[in-house]
Amino acid sequence: MSEHGAGAPDGTGTHEEPRTAGHGVAGAAADAGVPVAAGEDHGLAEGQVLPTWLSRDRTSEPLPAETDVVVVGGGIAGTALAYYLAKAGTEVLLLDRADLNREASGTNAGSFHIQLAIHQLPATGSAAADTDRLLTEAALNLEAYEMWRTLDQELDADLGVHITGGWMVAETAEQLQVLHDKRELEQQAGIVTEVVHGDELRRRAPYLAPDLAGASWCPQEGHANPLISAPLYALRASEHGARIRTHAAVLGLEHEPGATLPFTVRTSDGVVRARRIVNCAGAWAGELGRLAGLKLPVRREGLHVNVTEPRARVLEPMVQHIGRRLTLKQSSADTFIIGGGWPTPAAPPPRRYPTAWESAAGNTAVALRVMPLLADVRVVRTWSGVIVFTDDLSPVVGESSLVPGYHACIASTGFTLSPLLARQLAERMTAPGDHDPFPGDYDVDRAMHRAPSVAPSTTTP
Ligand SMILES: Cc1cc2nc3c(=O)[nH]c(=O)nc-3n(C[C@H](O)[C@H](O)[C@H](O)COP(=O)(O)OP(=O)(O)OC[C@H]3O[C@@H](n4cnc5c(N)ncnc54)[C@H](O)[C@@H]3O)c2cc1C
């Protein structure tokens, strides 16, 4: 069984989650909640009433000739941004080439990554290196946790937020040292973590393998439902006056500096002129950047997730690994969701990133090593999603200084972070003088400072 890159903290994140079949969910009518039936495999509690969706007629209106802000991308980043902008009274048009929430935001695990994790560590594996970046990221994670805790109230619906706490396990003495090192940084950033081992770990986490070297506990970790979150942001954005337009791919962008409406956005369904534009295109953000002649520090990868048959409830917290790719949790439907950033190879369209046996096998082998109780539990389904990674692990957020009016909102652990980053970006777009600029690490133009500019091009999404 091959273990692709396990233990190589190369930026490939810890991700997973129940991709629900969406039984009656995505197609729900606009004005009725959808009760969840027993036994459905989607991580929702039985009886939970799903909030309503934007109806088709509200996402297929003709494009306006002009607007203040065009947001490109209907994942969680774009829908959250549209919500916060519209709530602040800004005229906003959100465009997606397909339906909402069909890419990373609807295929992820919904995990809140709060303690520092393998995908954030530098290639040395040492948490002591890259201290400034890690402190900034830990503080951002903590702020994201604070935001998710109250997001139900903000959006007036049940997003399936569960703060369960999370373990980050270590198998070796070296990995245990990384847990201690990163704990110091987490404490400085205000995140509560403790390193536990021996009998205490076996007492507190009897479901884990008894011979693990130790584990770091973070009570602030948890998860929410990715099938609800972005669609709900879109619904609330629309209620605040945002226009949401699906099946309108952005194919070209012209920029006329100094004009009142400097951006001409060419889509598969017409042309819109805008004062500002925001790239929320996730794994396709690089292509969207090139339309404006910008090179963004991003790359696209496919990630793998597995789900098992349901078993008696045994695991409440999330479990991750500091040296190998693993995220593991038991969903509300009692299935185990096993992910952690195992790769899926790129393939020509329409397959894109098909699931791979090697990844499914390697991923589940790590899960089994950490939680031997899974030995006779059958994997019933695997799926893949497409994620954007930034080269230097930091988000890409803010306004370009090279193309004024061109903004981006891109993050790798974007389910955790995008609502917060979108809110922060909306605040800066609506009242720039009232807020500090984003940290320099997030600079939209940072790759341009390192590389020659690239010629504008059109994209085929
Ligand atoms: C398998 C997997 C598991 C993950 N697990 C987690 C997790 O547990 N926790 C966590 O924090 N993060 C996780 N992530 C990462 C997280 O899902 C993403 O960071 C986040 O969803 C990104 O949201 P987004 O809105 O930026 O991008 P997306 O959700 O990918 O949305 C981008 C949108 O842009 C649209 N688009 C692209 N190009 C164009 C164009 N030219 N014109 C119009 N529209 C366009 C696409 O159709 C798409 O709808 C996971 C990712 C994957 C793939």
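Author: Start with one definition: two strands pair if DSSP finds at least two bridges between them. This model is predicted. Take strand 8 (residues 194-196) and strand 9: their pairing is antiparallel and runs over three bridges. One place to look is V195, which stands opposite S216 in strand 9.

Reader: Which other strand does strand 9 pair with in the antiparallel sense?

Author: The general idea comes first. Strands of a sheet pair through backbone hydrogen bonds, and the pairing is either parallel or antiparallel. Here, strand 7 (residues 166-170) pairs with strand 9 over five bridges, in the antiparallel sense. Find A170 in the model; its bridge partner in strand 9 is G214.

Reader: How many residues of strand 9 are buried?

Author: Five of the five residues of strand 9 (residues 214-218) are buried, so the strand is largely enclosed by the rest of the structure. Look at the two faces as well. G214, S216 and C218 point one way, A215 and W217 point the other way, and all are buried.

Reader: What is the order of the eight strands in the open sheet?

Author: Read it across the sheet: 8-9-7-16-17-18-15-19, with mixed pairing. Strand 8 and strand 19 (379-390) are the edges, and each pairs on one side only. Neighbouring strands are turned by 25 degrees against each other on average, direction ignored.

Reader: What packs on the sheet?

Author: Helix 9 (residues 357-370) does. Among the strands it touches are strand 7, strand 15 (298-308) and strand 16 (318-321). The direction of helix 9 makes about 135 degrees with that of strand 18. Strand 18 (residues 336-344) also pairs with strand 17 (residues 327-330), antiparallel, over four bridges. There, F336 in strand 18 is the bridge partner of Q330.

Reader: What is the order of the open sheet of three strands?

Author: That order is 5-10-6, and the pairing is antiparallel. Strand 5 (111-112) and strand 6 (162-163) are the edge strands, each pairing on one side only. Two bridges join strand 6 to strand 10 (residues 222-223). H162 stands opposite H223 in strand 10.

Reader: On to helices. At roughly what angle do the axes of helix 3 and helix 10 cross?

Author: Two packed helices are described by the angle between their axes and the distance between the axes. Helix 3 (residues 131-149) and helix 10 (residues 414-430) have axes that come within 9 Å and cross at roughly 80 degrees. Angles of 65 to 115 degrees count as roughly perpendicular, so helix 3 is roughly perpendicular to helix 10. Helix 3 contributes L140, N141, E143, A144 and M147 to the contact; helix 10 contributes T416, L417, P419 and L420. These residues divide into six nonpolar, two polar and one charged.

Reader: Which residues have the most contacts inside the largest nonpolar core?

Author: V70, V71, V72, L81, A82 and C409 do, in a core of 121 residues. Helix 1 (residues 76-87) gives the most to this core, with nine residues. Now follow V72. Beyond its neighbours within four places in sequence, V72 is in contact with residues including G78, L95, V250, I277 and L288.

Reader: And the whole chain: how many helices and strands?

Author: There are 11 helices and 21 strands. Of the 461 residues, 53% count as buried. Consider contacts with a separation of 6 or more: residues 24 or more positions apart account for 75% of them.

Key. Residues numbered from 1 in each chain as written. Predicted model: local features only at pLDDT ≥ 70, side-chain atom pairs only at ≥ 80, totals over all residues. Buried ≥ 20, exposed ≤ 12 C-beta atoms within 10 Å, placed from the backbone. Contact = placed C-beta atoms within 7 Å. Axes fitted to C-alpha atoms, helices over the stretch in contact; angles between N-to-C directions. Parallel < 35°, antiparallel > 145°, perpendicular 65-115°, else oblique. Nonpolar A, V, L, I, M, F, W, Y, C, P; charged D, E, K, R; others polar. Core = buried A, V, L, I, M, F, W, Y, C linked by C-beta atoms within 7 Å.
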